Amino acid sequence: MPNPVRPAAFVLAAALVLIGCGAEMPSGRGEERGARAGAGHYPVTIENCGEKKTFDKAPQRVVTNDVGITEIMFALGLEDHMAGYVMPEDKGDLTAVPWRDGYRKTKWLSRKSINKELVLDARADLVFAGWNYGFNEGDGFTPAELERVGIGSYLLSESCRNGQGKARGVMAPLDALYTDLRNLGKIFDVEDRAEALVAKFRKQVAEAQAKVPKGEARPRVFLYDDGRDKPLTAGAFAGPHDIITKAGGDHVMKDLKDSWVTVGWETVVDRDPEVIVINDYGDTGAAQKEKFLKSYPPLANVSAIRNDRIFVLDYADLVESPRNPAAIASLAAYLRNVDH
């Protein structure tokens with residue numbers, strides 16, 4: 001049934017009420033203006049891991065892999081552009097995070113590994129993942145393989161390969177986070193949101209740094225991810241490097257020009273960390289990792305073990321994610337109480 005004709009004054013008054021309440025205008029001219037504005041934004045070209053990529057429109061069915069990558073999308077308010085996410089079940093309580101609404105609204109596609117069949121079934125138009133964060137030549141799941149079936153990709157900047165074999169990292173970890181936020185802001189036409197987040201995160205980091213004692217020796221810090229025979233740790237291009245250094249610590253593996261990397265226990269002993277940060281995730285939880293560290297004979301005389309200085313952060317705090325700035329503040333508070 002067609003709408004009855006209404007007096008012009010009534011229509012004008014109703015429109016003013018809607019605008020005053022902040023309501024969106026119904027379909028019509030307002031929507032057309034929005035569409036024209038969006039169309040005017042495109043095409044956009046960004047640089048991702050050294051490669052220029054052009055987008056003629058915002059992707060509508062993005063599939064993300066892993067918690068940090070997924071929460072970058074949620075932090076930008078882009079859940080409506082997602083077909084779903086892939087993530088194991090060992091990522092903690094997702095109902096307590098600031099992005100819990102994003103998790104509630106978005107489909108959890110798989111608790112196993114991401115693969116080509118999964119993203120094809122999801123009718124994905126873009127996969128946001130990274131090298132060793134989903135993309136892996138050994139599994140045949142790569143950006144090149146996706147391109148062959150008409151699916152685009154965006155690589156997590158922390159995972160960019162740097163030309164030295166499969167070593168990863170081309171920029172400081174926090175710069176990687178800010179780069180991805182700004183790139184995605186352009187891709188999805190939400191640049192204001194991206195800049196607001198970058199400003200918020202920079203402020204959080206600056207506030208934590210301002211509380212770091214001046215003129216004092218920084219406590220030496222080692223990141224323990226996992227591993228018994230050899231420990232997996234973080235080099236200069238993984239999230240923990242900036243988390244440790246911005247929090248007031250001296251990252252003992254800062255000379256390793258890679259992201260996540262395996263070293264020998266003799267290197268850890270030689271560098272004698274005063275604090276060990278445990279990455280809490282996986283089948284071996286933080287308590288088990290701490291028990292191992294404290295019982296492993298070669299570490300008995302390491303300062304962190306001798307003085308019982310072990311600090312736990314969650315996996316999502318340590319990989320590139322919107323949780324990185326809060327992790328810096330948390331670790332900074334702990335390090336302020338470490339005596340040399």
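1. In this predicted model, Ile 276 is found in strand S13, the strand that covers residues 275-280. Its relative accessibility is 1%, and because buried means under 20%, Ile 276 counts as buried.

2. The surroundings of Ile 276 include residues from other parts of the chain. If neighbours within four places in sequence are left aside, Ile 276 is in contact with Phe 222, Tyr 224, Leu 293, Ala 304, Ile 305, Arg 309, Ile 310 and Phe 311. Along the chain, Ile 276 and Asp 308 are 32 residues apart, while their C-alpha atoms are separated by 9.2 Å.

3. The largest nonpolar core here has 62 residues, and the members that touch the most other members are Phe 128 and Phe 188. Not counting residues up to four places away in sequence, Phe 188 touches Tyr 42, Ala 58, Pro 59, Val 62, Met 73, Leu 78, His 81 and Leu 126. There is also a second, separate core of 17 residues, and among its members are Phe 222, Tyr 224, Met 253 and Leu 293.

4. Met 73, one of the residues touched by Phe 188, is also one of the buried residues of helix H3. This helix, made of residues 67-75, is mostly covered, with nine of its nine residues buried; among them are Gly 68, Thr 70 and Glu 71, as well as Ile 69 and Phe 74. After H3 comes Gly 77, which has a positive phi, near 70°.

5. Two helix pairs deserve a careful look, and both involve helix H14, residues 324-335. The axes of H9 (residues 239-246) and H14 come within 8 Å and cross at roughly 45°, which means that H9 is oblique to H14. The crossing in which H9 passes H14 is right-handed. On the H9 side the residues are Asp 242, Ile 243, Ile 244 and Lys 246, and they meet Asn 324, Ala 327, Ile 328, Leu 331 and Leu 335 in H14. By class, this contact of H9 with H14 has six nonpolar, one polar and two charged residues.

6. For the second pair, the axes of helix H8 (residues 191-210) and H14 come within 9 Å and cross at roughly 10°, so H8 is roughly parallel to H14. Phe 201, Gln 204, Val 205 and Ala 208 of H8 make the contact with Pro 325, Ala 326, Ile 328, Ala 329 and Ala 332 of H14. By class, the contact of H8 with H14 has eight nonpolar, one polar and no charged residues.

Conventions
Residues numbered from 1 in each chain as written. Predicted model: local features only at pLDDT ≥ 70, side-chain atom pairs only at ≥ 80, totals over all residues. Heavy atoms only, no water. Core = buried A, V, L, I, M, F, W, Y, C linked by side-chain atoms within 4.5 Å. Buried < 20%, exposed > 50% of the residue type's maximum accessible area, 1.4 Å probe, protein only. Contact = heavy atoms within 4.5 Å. Axes fitted to C-alpha atoms, helices over the stretch in contact; angles between N-to-C directions. Helix = DSSP H or I, 4+ residues; strand = E, 2+ residues; numbered from the N terminus. Parallel < 35°, antiparallel > 145°, perpendicular 65-115°, else oblique. Left-handed = near helix turned anticlockwise from the far one by under 90°. Nonpolar A, V, L, I, M, F, W, Y, C, P; charged D, E, K, R; others polar.
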